[in-house]
Amino acid sequence: MADVRIRLDLAYDGGAYRGWAAQPGLRTVEGVLTEALATLIRRPVKVVVAGRTDAGVHARGQVVHLDLSRAEWEGLSRGRDIAPEEAILRRLGGVLAREDGAVVVHSAAEVPASFDARFSALSRTYTYRIADHPALRDPLRRADTAWHRARLDDAIMAAETVGMLGLHDFGSFCRPREMSTTIRELQEFSIARGDDGVIAARLTADAFCHHMVRALIGATIDVGEGRRESGWLMERLGTPSWDAAVRLAPPRGLVLESVDYPPDDQLAGRAEQTRAMRPSRGS
């Protein structure tokens, strides 16, 4: 029988894992999820993720897809009068309970075969929180907020983001991977101090290459602290080559908030277009 493609939307506390990607001997989000799926389906199940996250990076709106046979999908209900979507959520929740809430699958849905969690995506959105004064250090938010040792000029940081928007080669802000492009379209990059005093950044792009968000935030922090002159991000953008001049912001302040997709009738076209631009491994 034809395979069924399933979309899962999930969230996780990245501080509990060594990143997304499965690695021998290490606890990772992908490893935990595929172990749970294998328990339910009774065979290894491959998942495709919208974007890999580094160790310590969180997700509130991560997306994966997986393929099951029709019999496997409908068999999840075990003869009960519940839809397979509800059955997989309940059963995954039971298996993932051993993770103490660090991974939660929020929704499951059958999607067209043309849906690809990675290649069909139109954009990904990340946020980053920085507490730059001891009075702002909320111990209840320590898992998702970077604590910075010195005061930052958020106005200067915000000004640095303006020229970064658009389609550029972000090679100076991406750790290179073999056969992978560093050309990306940055659609949103904002930095502002909120009512609670915490600095919040928001970035949206068609995709982010390896370490790109943390490198961009790290560079703005250096300007905001006065370690670098205003305009340094644009200067770096003009010389797209990775080196040690750009420091990565700590992972704990970073959250993958959402992944956006086109309507069903545009999924295949979007995936084909993205594969043509980024045929190799990336995120």
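In this predicted model, Phe189 touches Thr161, Met164, Leu165, Arg202, Leu203, Leu216, Ile217, Thr220 and Leu233, leaving aside residues up to four places away in sequence. Phe189 is also one of the residues with the most contacts inside the largest nonpolar core, which has 76 residues.

**Nonpolar core**

- Besides Phe189, the residues with the most contacts inside the core are Leu10, Trp20, Met164, Phe173, Ile217 and Tyr261.
- Helix H5 (residues 212-225) supplies the largest share of this core, 8 residues.

**Leu33 in helix H1**

- Leu33 lies in helix H1 (residues 29-41).
- Leu33 counts as buried because its relative accessibility is 0%, and the cut-off for buried is under 20%.
- Beyond its neighbours up to four places away in sequence, Leu33 touches Leu10, Trp20, Val47, Val64 and Val105.
- Of these partners, Leu10 and Trp20 are also named among the core residues with the most contacts.
- Ala117 is 84 residues from Leu33 along the chain, and their C-alpha atoms are separated by 15 Å.

**Packing of H1 and H3**

- H1 packs with helix H3 (residues 84-96) at an angle of about 120°, and the two axes are 10 Å apart.
- The two helices, H1 and H3, are therefore oblique to each other.
- The crossing of H1 and H3 is right-handed.
- On the H1 side the meeting residues are Val32, Ala36, Leu37, Thr39 and Leu40; on the H3 side they are Ile88, Arg91, Leu92, Val95 and Leu96.
- Thr39 of helix H1 is partly exposed, with a relative accessible area of 43%.
- Thr39 and Val95 are 56 residues apart in sequence, while their C-alpha atoms are 8.0 Å apart in space.

**Packing of H4 and H5**

- Helix H4 (residues 154-161) packs with H5 at an angle of about 135°, with 8 Å between their axes.
- H4 and H5 are therefore oblique to each other, and their crossing is right-handed.
- H4 makes this contact through Ile156, Met157 and Glu160, and H5 through Thr220, Ile221, Val223 and Gly224.

**Annotated positions**

- An unreviewed UniProt entry carries the annotation "active site" at Asp54.
- Asp54 is in the loop between strand S2 (48-49) and strand S3 (58-69).
- Not counting residues up to four places away in sequence, Asp54 touches Gly19, His210, His211 and Arg214.
- The unreviewed UniProt entry also places the feature "domain: Pseudouridine synthase I TruA alpha/beta" at residues 164-262.
- Over residues 164-262 the chain is 20% helix and 29% strand, and its end C-alpha atoms are 25 Å apart.

**Residues with positive phi**

- Most residues other than glycine have a negative phi.
- His211, a contact of Asp54, is not a glycine but has a positive phi of about 70°.
- His211 sits in the loop between strand S9 (199-205) and H5, and is buried, with a relative accessible area of 13%.
- Arg78 is not a glycine either, and has a positive phi of about 55°.
- Arg78 sits in the loop between helix H2 (70-75) and H3, and is exposed, with a relative accessible area of 54%.

Technical notes: Residues are numbered from 1 along each chain as its sequence is written. This is a predicted model: local features need pLDDT of at least 70, side-chain atom pairs count only at pLDDT 80 or more; totals for chains, interfaces and linings use all residues. Side-chain values use heavy atoms; hydrogens and water are left out. UniProt positions are given in the numbering used here, feature names are shortened, and annotations may be inferred rather than shown by experiment. Helices (H or I, at least four residues) and strands (E, at least two) are DSSP runs, numbered from the N terminus. Contact means heavy atoms within 4.5 Å. Buried means under 20% relative accessible area, exposed over 50%, partly exposed in between (1.4 Å probe, protein chains only). A nonpolar core is a set of buried Ala, Val, Leu, Ile, Met, Phe, Trp, Tyr and Cys residues joined through side-chain atoms within 4.5 Å. Axes are lines fitted to C-alpha atoms, for helices over the stretch in contact, and angles run from 0 to 180 degrees between N-to-C directions. Angles under 35 degrees count as roughly parallel, over 145 as roughly antiparallel, 65 to 115 as roughly perpendicular and the rest as oblique. A crossing is left-handed if the near helix is turned anticlockwise from the far one by less than a right angle, and right-handed if clockwise.
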